[in-house]
Amino acid sequence: GKIIEGVVTKITEKFVFLFVEGLKSEPLVDINEIKTIFDLSKLKEGNKIPILLEKIEDKNGDVIVSASKAQKIKGWHKLEKAYEADEPVIGKIVSKCKGGVIVEHIDTGSLMFCPGSQISDKPIKNIDHLIGVQQKFALIKLDMVRGNSVVSRRQVVSSSKKEDKVKIIEKFKVGDIIKDAVVKGYSSFGCFFEVTTPDGTLDTLCHLQEISYSRVNHPDEIFNIGEKHDLKIISIDMEKLQVGCSLKQLSPDPFE
C-alpha cells in the first residue's frame, strides 16, 4: 500500500526489471504498463520509477507492484491539494466523450472529466481548436472512492474575463468622455456600445432615456450597427461591473 521507488536494472521486450532495497526478489512491471506512463526511448538502466507496492510476496514468492497505480495515487494527491487550496490546474483536452471531454492533468497524467456545459462561457459548435492546448481548469468535484475528478474551463474563462473587466472599469470615472464607442446592438430599453481600451474591450449601455432630449421609441431610430459615437459616463457599478453612458448629456439641455 506504499509508494516506493524502484531502480531500473534491465529492460526487455516484455518487462522492466526493478531493484528495491529490502525486498526478497526483483519486482517487474509489464512493458505495456510502462509505455502508458514513460517515454521508453528515454528510459534507461539506473532510472528511478515510482511504484505502488501491492504485495511483498504472492503465492509464487513474487513481489507485486504497479507503476500506473502509483502514478494515479500521486496524481490524486496533487489534485486534492489544488482542490483544497482552490487553485486551478493545468491540463489539456485529449478527447471528446459522451457529455463532455476528457482532460489530461499535465503534471501527473491523471485523466479528468469536463462536462460540455463547462467548456466555455458561450456556446461553441466546434472545440477542435481547444484539443491538445495546455490551459487552466478549475477543479469542481473530487470523488476519491470512485476515482473521479470533474473540472471546468468555463469558470477560469469567466474569472479571467471578470478580472480584465475590473481593470478596465477602474480606469474610468463618472463624467469621463468615451471617444468613438461602436454601436453593437439594441434592445427595447437602450443601445449597447463597445468601447476599445488599451486593456481590452468593454460593453456599455446607453439607456433609452439618455439617447436624446426628444422622445425616442427605439434606438434603431437614431443608431445603425457599427456607427461610432462619443459618450459621457454617468454611472459606474463595480459590483455588477456595469458602466452607464449618455449621449444626450454631451449636448446642452434645449429645455433650459
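**Legends to close-up views of a predicted model**

The protein chain in this predicted model has a secondary structure of three helices and 15 strands.

**View 1. Overall dimensions of the protein chain.** Taken along the principal axes, the box filled by the C-alpha atoms is roughly 100 × 30 × 30 Å. The radius of gyration is 29 Å, whereas a compact globule of 256 residues would have a value near 18 Å. Of contacts between residues at least 6 apart in sequence, 53% link residues at least 24 apart.

View 2. Buried residues make up 34% of the 256.

**View 3. Helix H2, residues 67-84.** At 1.5 Å a residue, the 18 residues of helix H2 should span 26 Å, and the distance of 26 Å between the end C-alpha atoms therefore agrees with expectation. The buried residues in H2 include Ala67, Ala70 and Gly75. Trp76, Leu79 and Ala82 of this helix are buried too. Asp86, which follows H2, has a positive phi, near 55°.

**View 4. Ile131 in the loop between strands E8 and E9.** The loop that holds Ile131 runs between strand E8 (111-115) and strand E9 (135-143). Ile131 has a relative accessible area of 32% and is therefore partly exposed, as this class lies between the cut-offs of 20% and 50%. With neighbours within four places in sequence left aside, Ile131 contacts Ile93, Val94 and Lys96. The C-alpha atoms of Ile131 and Cys114 are 12 Å apart, with a sequence separation of 17 residues.

**View 5. Ala138 in strand E9.** Strand E9 contains Ala138. The relative accessible area of Ala138 is 14%, so this residue is buried, the cut-off being under 20%. Residues up to four places away in sequence not counted, Ala138 touches Val150, Val151, Ser152, Gln155 and Val156. Between Ala138 and Cys114 the C-alpha distance is 9.7 Å, and the two residues are 24 apart in sequence.

Technical notes:
Residues numbered from 1 in each chain as written. Predicted model: local features only at pLDDT ≥ 70, side-chain atom pairs only at ≥ 80, totals over all residues. Heavy atoms only, no water. Helix = DSSP H or I, 4+ residues; strand = E, 2+ residues; numbered from the N terminus. Rg over C-alpha atoms; globule rule 2.2 N^0.38 Å. Buried < 20%, exposed > 50% of the residue type's maximum accessible area, 1.4 Å probe, protein only. Contact = heavy atoms within 4.5 Å. Expected span 1.5 Å × (residues − 1).
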